[in-house]
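Here is a short briefing on one protein chain. Look over the sequence and the structure first, then read the points by topic.

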Amino acid sequence: SGGVKFYKDFSNRLIKDLGIRPSSELVSRYNDIKMENKNIALSSRNSSMNRLTIRSYCMKNIDFFWITDVIEGIIEDKSFNPSAFEEYILRDISFILPHIWEEHIKYDDISPVPPVRIVKACINFIIKASKDHCLDITIENFEDMDKTSGAIYEYMCKLNLENITYS
């Protein structure tokens with residue numbers, strides 16, 4: 001709808017031009033409207049998909065904290081199947097979340113992974129997970145989201161994936 005597009009443009013300009021994130025109240029209201037619109041569209045299309053509700057938490061000064069919390073919520077689900085994901089995704093995410101690919105890690109062989117690879121792996125992981133599940137992601141204390149996770153969140157919102165809702 002027009003309101004959703006306006007919010008996205010406004011939010012992106014606030015972050016880009018002023019370095020300010022929208023208030024948690026505004027984000028919450030936006031997500032409510034977006035979820036209402038999305039739920040109407042998805043109710044008939046995704047009735048057979050597994051719905052996964054993830055409660056995530058933010059910590060301002062710890063890189064990757066929020067996105068790690070979301071990924072942990074996915075892998076804790078009983079239906080999580082690591083073999084459905086490409087090896088490079090699991091390998092790169094394992095740098096920030098070692099137990100995702102634990103059986104393959106040789107701890108003496110771990111070398112740093114460039115942040116861009118970790119970010120891309122996180123995005124690809126969420127996209128792949130959303131093909132098998134409807135992801136309802138609740139974000140606690142949004143205003144404290146770390147910068148890297150915030151960039152991932154903004155990018156994921158721009159993708160407007162139909163099986164992911166944020167609140």
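A contact here means heavy atoms within 4.5 Å. Among contacts between residues at least 6 apart in the sequence of the protein chain, 74% join residues at least 24 apart. The model is predicted. The chain holds six helices and three strands.

**Overall layout**

- Along the sequence, the elements follow the pattern α-α-β-α-α-α-β-α-β.
- The protein chain has 167 residues, and buried residues make up 42% of them.

**The sheet**

- Three strands form an open sheet in the order E1-E2-E3, with parallel pairing.
- Strand E1 (50-56) and strand E3 (164-166) are the edge strands, and each has a single partner strand, so one side of each is left without a neighbour in the sheet.
- From one strand to the next, the twist averages 15°.
- Strand E2 (residues 133-139) pairs with E1 in the parallel sense over seven bridges.

- Helix H3 (residues 65-75) lies across E1, E2 and E3 and runs at about 145° to E1.
- Helix H5 (residues 115-132) also lies across E1, E2 and E3, and its angle to E2 is about 125°.
- Why is H3 described as largely enclosed by the rest of the structure? Nine of its 11 residues are buried, so the rest of the structure largely encloses H3.
- The buried residues of H3 are Trp-66, Ile-67, Thr-68, Asp-69, Val-70, Ile-71, Gly-73, Ile-74 and Ile-75.
- Those buried residues pack against strands E1, E2 and E3 and against helices H4 (87-93), H5 and H6.

**Helix H1**

- H1 (residues 2-18) has 17 residues.
- From first C-alpha to last, H1 reaches 23 Å, close to the 24 Å expected at 1.5 Å a residue.
- Val-4, Tyr-7, Lys-8, Ser-11 and Leu-14 are the buried residues of H1.
- Seen down the axis of H1, the buried residues fall within an arc of 130°, so they line one face of the helix.
- Exposed residues sit on the other side of H1: Gly-2, Lys-5, Phe-6, Arg-13, Lys-16 and Leu-18.

- Asp-136 has its place in strand E2.
- Is Asp-136 buried or exposed? Its relative accessibility is 14%, and buried means under 20%, so Asp-136 counts as buried.
- Its side chain makes a polar contact with the side chain of Thr-165, at 2.6 Å.
- Not counting residues up to four places away in sequence, Asp-136 touches Arg-51, Leu-52, Thr-53, Ile-54 and Thr-165.

**Ser-149 in helix H6**

- Ser-149 is found in helix H6 (residues 147-159).
- Ser-149 is buried, with a relative accessible area of 0%.
- Which residues is Ser-149 in contact with, leaving aside its neighbours within four places in sequence? They are Phe-64, Phe-65, Trp-66 and Ile-67.
- A polar atom of the Ser-149 side chain lies 3.4 Å from the backbone nitrogen of Trp-66.
- Ser-149 and Ile-62 are 87 residues apart in sequence, yet 9.4 Å apart in space, C-alpha to C-alpha.

**Positive phi in loops**

- Phe-64 has its place in the loop between E1 and H3.
- Phe-64 is not a glycine, but its phi is positive, at about 70°.
- With 9% relative accessibility, Phe-64 counts as buried.
- Asn-141 has its place in the loop between E2 and H6.
- The phi of Asn-141 is near 40°, a positive value in a residue other than glycine.
- Asn-141 has 19% relative accessibility, and buried means under 20%, so Asn-141 counts as buried.

Key: Residues are numbered from 1 along each chain as its sequence is written. This is a predicted model: local features need pLDDT of at least 70, side-chain atom pairs count only at pLDDT 80 or more; totals for chains, interfaces and linings use all residues. Side-chain values use heavy atoms; hydrogens and water are left out. Two strands pair if DSSP finds at least two bridges between them. Helices (H or I, at least four residues) and strands (E, at least two) are DSSP runs, numbered from the N terminus. Axes are lines fitted to C-alpha atoms, for helices over the stretch in contact, and angles run from 0 to 180 degrees between N-to-C directions. The expected span of a helix is 1.5 Å times one less than its number of residues. Buried means under 20% relative accessible area, exposed over 50%, partly exposed in between (1.4 Å probe, protein chains only). The arc is that of the directions from the helix axis to the C-beta atoms. A polar contact is a pair of N or O atoms within 3.5 Å; within protein, one must be able to donate a hydrogen and the other to accept it, and residues adjacent in sequence count only if both atoms are side-chain atoms.
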